[in-house]
Amino acid sequence: MPGHEEMLAEAEMMWASVLHQVGDDRLSVPSGCPDWTNRDLVNHVIGGGHRYSMLLDGASAAETVFTRDVDYVADGAITEFWRSEEMLRASVAAADLSVHVDHRVGRRPGRDLVPMRTMELTLHALDLCTGIDAEWRPSDELAGYLLSDAAAIIEDIRAAGAFAPATESVSSSPIDRLLAFAGRRP
C-alpha cells in the first residue's frame with residue numbers, strides 16, 4: 001500500500017477536482033456539513049492546511065484560532081488551497097514528527113497530522129460534493145488507507161465529539177466501510 005505522502009497527494013487532487021467545480025453561485029448553498037455553506041466548508045478545509053502547518057512549526061492550538069475567520073475564498077480558493085498544502089508539506093518535511101503538537105482535540109504526535117489531513121480532505125470532499133450535487137469517488141485504496149492508518153485517530157476525534165458514532169456499513173466495499181466508520185451515510 002502506498003505511504004502517507006502518496007495518499008495525501010491523492011486526497012489533495014480529489015479535493016481540488018471537486019473545488020474546481022464550485023462556482024460563485026454555489027458558495028452560499030448548504031454543504032454536506034450541517035450549518036455550513038459550501039463557502040464555510042471551503043474556508044475550513046483551506047484553513048486546515050494553514051493550521052496543521054502552524055502546529056508542526058510549534059504553534060499552540062490557541063495561536064491557530066484566527067485562521068478559522070479568514071476568508072480564503074475571496075483571494076481564489078484553488079490558489080489558496082494549493083498554497084496551504086505547500087506550507088503543510090514544507091512543515092511536514094522540516095518537523096520532527098515524533099514531537100507532540102497542540103491540536104484542538106488533544107495533544108498528538110505530529111506524524112498523526114498527515115493521515116488526519118488526508119482524512120479531512122477525503123471526507124470533506126464528500127461534503128462539498130453533496131453541496132454542489134457532484135459525485136464523490138475516492139479510490140478503494142484511499143478508503144482502505146484511511147480505515148487502517150486513520151482509524152485510531154478517528155476514534156480519538158470521535159471521543160472529542162467531532163465525529164458521529166459509527167454506523168453499519170451497507171456493503172463490504174472500502175468506501176462504504178469508511179463512511180460507516182466515520183459515521184457518514186452513503
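How many nonpolar, polar and charged residues does the lining of the largest cavity have? In this predicted model, that lining has 4 nonpolar residues, 2 charged residues and no polar ones. The residues in question are Glu5, Leu8, Leu88, Arg89, Val92 and Val114. The volume of this largest cavity is about 40 Å³, and the search counts 1 cavity of 30 Å³ or more. Two helices, helix 1 (4-19) and helix 4 (77-94), each supply at least two of the lining residues. Helix 4 provides the largest share, with 3 residues.

Across the whole structure, 2 aromatic pairs are found. In one of them, the ring centres of Trp15 and Phe81 are 6.5 Å apart and the ring planes are at 55°, so the pair is tilted; a pair counts as edge-to-face only when the planes are over 60 degrees apart. Because Trp15 lies in helix 1 and Phe81 in helix 4, the pair ties together parts that are 66 residues apart in sequence. Are these two residues buried or exposed? Trp15 has a relative accessible area of 0%, so this residue is buried. Phe81 likewise counts as buried, at 0% relative accessibility. For both, the cut-off to keep in mind is that buried means under 20%. Trp15 and Phe81 form one aromatic cluster together with Trp82.

An open space comes next: the largest pocket, with a volume of about 710 Å³. It is lined by 29 residues, of which His44, Arg104, His124, Ala162 and Phe163 are the closest to its centre. Helix 2 (38-56), helix 3 (61-64) and helix 5 (113-132) are the elements that give two or more residues to this lining. By class, the pocket lining has 16 nonpolar, 7 polar and 6 charged residues.

Which helix gives the most to the lining of the largest pocket? That is helix 5, with 6 residues. Helix 5 is mostly covered, since 19 of its 20 residues are buried. The length of helix 5 can be checked too: at 1.5 Å a residue, its 20 residues should span 28 Å, and the C-alpha atoms at its ends are 28 Å apart, which agrees. The expected span uses one less than the number of residues.

Arg158 lies over the face of Phe181, at 5.1 Å from the ring centre.

How values were computed. Residues are numbered from 1 along each chain as its sequence is written. This is a predicted model: local features need pLDDT of at least 70, side-chain atom pairs count only at pLDDT 80 or more; totals for chains, interfaces and linings use all residues. Side-chain values use heavy atoms; hydrogens and water are left out. On a 1 Å grid over the protein atoms alone, a cavity is a set of points where a 1.4 Å probe fits but cannot get out, and a pocket is an open set with protein on both sides within 12 Å along at least five of seven lines; lining residues have an atom within 4 Å of a point. Grid points are joined across faces, edges and corners, and a volume is the space filled by probe spheres set on the points. Helices (H or I, at least four residues) and strands (E, at least two) are DSSP runs, numbered from the N terminus. Ala, Val, Leu, Ile, Met, Phe, Trp, Tyr, Cys and Pro count as nonpolar, Asp, Glu, Lys and Arg as charged, and the others, Gly among them, as polar. Buried means under 20% relative accessible area, exposed over 50%, partly exposed in between (1.4 Å probe, protein chains only). Rings of Phe, Tyr and Trp (its six-membered ring) pair if their centres lie within 6.5 Å; planes under 30 degrees apart count as stacked, over 60 as edge-to-face and the rest as tilted. A charge sits over a ring if NZ of Lys or CZ of Arg is within 6 Å of the ring centre and within 35 degrees of the ring normal.
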